[in-house]
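The sequence and structure come first.

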Amino acid sequence: MLVFTRKKGESLVIANEIEVTILSVGSGNVKVGITAPRHISVHRNEVFEAIKRENMAAAQSQIPKADLLKKLLG
Amino acid sequence: MMHIHTVNFGEIEVPVDKVLDFKEGVPGFPQIHRFATLDFEDLKPFQYLQALDEPPIALLIVNPFFVDPDYKFQLSASDMEDIQTTTPEDVAVYAVATIPEDPEQATVNLMAPIVINVKKRCGKQVILHESGYSVKHPLFKASKSEAHNERR
């Protein structure tokens, strides 16, 4: 992993088109601003991982049985 | 017609004009770019979002408004652009559902709905970061208050 030390207000440029700026540094958290072209999606990692897990679980999901459907519709 | 081998439903035929293009795949399955929705009369209100690429998975999906009648969100400009739409009228919305071994614990992912441009036949799974919706919203109404507490 490439590691940089940055101060508040300083930034990094990735692949000429993504700019990552340190907006503020607090105790235990850092506020980061990202400027990127629209086609680059940026997500909080834990949110993205949670969605990945849900999709994988959904792909393994049971086929809904008649009693469940009845309960849902009833 | 596309001839597809599926895990859950055996061999199926999908008309070419039913193929949905997911440019980015979906989280967890970025390699799947083509899906189709499958309807089974005896599985209503559920449908399946069947992958037409490998692996041949199928995601159980449901109309999110069926689960939460007040469900609403705004598509970002870039999400609209990704599915080549300018108007919500062309957009169908589905939530991915998970039924574990104990069906009482079934959940739906309201934070990351599947949006499909029904005219252009393309879609994506969007992430509603600041919406407060849960990735594990309980399917059954009895546990709705719990669902509310889970919102962040």
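How many bridges join strand E1 (residues 2–6) of chain B to strand E2 (residues 10–14) of chain B? In this predicted model, 5 bridges join the two strands, which run antiparallel. E1(B) and E2(B) form a hairpin, with 3 residues between them, and within this pairing His3(B) of chain B has Glu13(B) in E2(B) as its bridge partner.

Chain A holds an open sheet of 3 strands, in the order E1-E2-E3 and with antiparallel pairing. Its edge strands are E1 (11–14) and E3 (30–35) of chain A, each of which pairs on one side only. Neighbouring strands of this sheet are turned against each other by 20 degrees on average, with direction ignored. Strand E2 (residues 18–25) of chain A is joined to E3(A) by 6 bridges, and Ile22(A) stands opposite Val32(A) in E3(A). In a regular strand, side chains alternate between the two faces of the sheet.

| Strand pair | Bridges | Facing residues |
|---|---|---|
| E1(B) and E2(B) | 5 bridges | His3(B) and Glu13(B) |
| E2(A) and E3(A) | 6 bridges | Ile22(A) and Val32(A) |

Between the chains, 21 residues of chain A are in contact with 26 residues of chain B. Helix H1 (45–59) and helix H2 (66–73) of chain A each supply at least two residues of the side of chain A that touches chain B, and the largest share of that side, 11 residues, comes from H1(A). By residue class, the side of chain A that touches chain B divides into 13 nonpolar, 4 polar and 4 charged residues.

Ile127(B) is one of the residues that meet the other chain: leaving aside residues up to four places away in sequence, Ile127(B) touches His43(A), Val47(A) and Ile51(A), as well as Met111(B) and Ala112(B). Ile127(B) lies in the loop between strand E9 (122–125) and strand E10 (137–138) of chain B. Ile127(B) counts as buried because it has 21 C-beta neighbours inside 10 Å, where 20 or more are required. The C-alpha atoms of Ile127(B) and Leu49(B), 78 residues apart along the chain, are separated by 18 Å.

As to confidence, the model scores ipTM 0.85 and pTM 0.85. Chain B averages a pLDDT of 89, and 93% of its residues score at least 70. Over residues 143–147 of chain B, however, pLDDT stays under 50, and the model has 6 contacts beyond four places in sequence for them. Where pLDDT is low, the predicted coordinates should not be read in detail.

Technical notes. Residues numbered from 1 in each chain as written. Chains lettered and ligands numbered in written order. Predicted model: local features only at pLDDT ≥ 70, side-chain atom pairs only at ≥ 80, totals over all residues. Pairing = 2+ DSSP bridges. Helix = DSSP H or I, 4+ residues; strand = E, 2+ residues; numbered from the N terminus. Axes fitted to C-alpha atoms, helices over the stretch in contact; angles between N-to-C directions. Contact = placed C-beta atoms within 7 Å. Nonpolar A, V, L, I, M, F, W, Y, C, P; charged D, E, K, R; others polar. pLDDT = per-residue confidence, 0-100. Buried ≥ 20, exposed ≤ 12 C-beta atoms within 10 Å, placed from the backbone.
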